[in-house]
Amino acid sequence: MDFTQFNLDTRLYTAVRRAGYYEPTPIQTTAIPFGTAGRDLIGTAQTGTGKTAAFVLPILQRLLNSPGKGTRALIITPTRELAEQIHQTIGQLSYGTSIRSATVYGGVGPAPQIEALNRGVEIIVACPGRLLDHIRNRIANLSNIEVLVLDEADRMLDMGFLPDIKRILRHVPGKRQTMLFSATFPAEVHQLAAQITQHPERVSIGAVRPAHTVEHTLYPVPHHLKNRLLLKLLEQTDTKSILIFTRTKHRAMNLLKKIKRTSYKATSLHGDRTQGQRRAALKGFKEGRYQIMVATDIAARGLDIDGISHVINFDMPDTADAYIHRIGRTGRAQHTGEAFTFMTPADQPLVKKIEKIMNQKLPRKTIPDFDYTIPKPEYQPNKRKPRNREAARRR
Ligand code: AMP
């Protein structure tokens with residue numbers, strides 16, 4: 001099976017080939033026919049399954065083959081990085097056409113976005129907050145929207161975007177095609193999906209399980225030995241491109257400092273970095289100038305980076321869903337990847353949940369020449385001083 005089965009405009013077919021896609025992924029095979037038929041869609045698919053093209057191709061097909069004016073498609077997404085990635089995919093897949101898209105998100109100056117919107121675009125890819133600003137300032141006009149996509153709906157709700165999404169919906173015509181994608185389906189996502197779609201087709205790929213191209217390994221370790229274990233693991237693993245997750249930005253910063261003392265080139269992606277720094281980190285990591293990127297969940301949400309060989313959960317994520325999202329960063333499309341997870345005794349209950357969702361027991365590994373018995377250093381506030389004084393006396 002190849003892309004010709006979808007009867008797409010020949011320009012799209014050429015662009016798809018040019019992008020290096022030869023065979024549609026399962027979500028594309030199922031979703032594209034519904035999408036091009038104008039049906040509403042609720043898709044369970046995580047990043048890495050090819051879901052972006054699954055909604056972008058039907059949008060492009062409609063724009064090329066039916067008349068319309070103004071901005072005709074709106075894609076709402078939780079993060080700036082994801083918005084940029086979708087925008088890039090649109091650029092790739094609309095190659096050879098005159099379709100224009102623009103990204104809209106906060107944290108950067110509004111002028112270039114305003115300029116692009118004033119010039120006119122057929123597709124807007126937006127994060128909710130800034131889009132609302134542009135709507136209020138009458139820069140963005142959504143009255144001609146024919147297709148609405150909500151991408152990573154679960155993440156958007158997690159991030160508290162529901163009120164903003166509802167406000168945006170008031171400006172979008174009721175008569176439209178709606179596609180909603182989410183990796184997981186908690187009750188709030190169901191509710192939102194029911195409110196905004198009409199007779200939707202349900203497309204579920206891989207349910208909430210991570211891509212099968214990923215091998216999972218748990219490394220039991222006491223909390224205080226995590227740094228040492230990581231350095232040992234890096235030494236022993238043939239690693240190409242590694243994404244390491246920590247629980248907080250402070251832990252990301254501390255870990256980056258430690259890694260930088262080794263020969264690895266590393267960078268980080270977290271909430272304390274400016275948009276420019278994030279972009280530079282991501283670019284450097286994608287281009288291979290940094291072998292390691294240390295990131296927090298929010299910062300790395302939905303990132304599409306090809307060829308990540310390893311995801312290391314230095315800290316366990318908060319939920320089983322977050323684990324699946326993190327692991328979605330490796331083993332993408334045709335690649336295979338490995339996921340290493342450091343597991344402290346406190347992480348046991350969550351590991352059980354993850355194993356339940358994945359319907360398999362994850363292998364535990366220990367590193368043979370690693371000393372797991374090194375005791376936790378005790379906190380001895382006054383010990384150093386007298387010793388120093390003693391040493392000083394001796395000198
Ligand atoms: P996504 O799940 O949309 O983030 O896509 C994950 C990655 O798979 C991206 O790097 C896409 O460029 C790539 N991709 C999407 N569809 C295909 C396909 N049919 N063949 C090969 N690669 C694809």
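**Exercise 1.** Is Glu-122 buried or exposed, judging by its relative accessibility?

*Solution.* Keep in mind that this is a predicted model. Start with the cut-off: buried means under 20% relative accessible area. Glu-122 has 17% relative accessibility, so Glu-122 counts as buried.

**Exercise 2.** Find the salt-bridge partner of Glu-122 and work out which parts of the chain the pair ties together.

*Solution.* First, look for the partner: the side chain of Glu-122 meets that of Arg-100 in a salt bridge, at 2.9 Å from N to O. Arg-100 sits in the loop between helix H4 (80-93) and strand E3 (101-104), while Glu-122 sits in the loop between helix H5 (111-119) and strand E4 (123-126), so the pair ties together parts that are 22 residues apart in sequence. Finally, check Arg-100 itself: at 40% relative accessibility, Arg-100 is partly exposed.

**Exercise 3.** Describe the surroundings of the two partners Asp-9 and Arg-11.

*Solution.* Begin with the contact: their closest N and O atoms are 2.9 Å apart, in a salt bridge. Then take each partner in turn. Asp-9 is buried at 11% relative accessible area, whereas Arg-11 is partly exposed at 36%.

**Exercise 4.** How many salt bridges does a search of the whole structure find?

*Solution.* The search finds 19. Salt bridges also link Lys-51, Asp-151 and Glu-152 in a network.

Methods
Residues numbered from 1 in each chain as written. Predicted model: local features only at pLDDT ≥ 70, side-chain atom pairs only at ≥ 80, totals over all residues. Heavy atoms only, no water. Salt bridge = Lys/Arg side-chain N within 4 Å of Asp/Glu carboxyl O. Buried < 20%, exposed > 50% of the residue type's maximum accessible area, 1.4 Å probe, protein only. Helix = DSSP H or I, 4+ residues; strand = E, 2+ residues; numbered from the N terminus.
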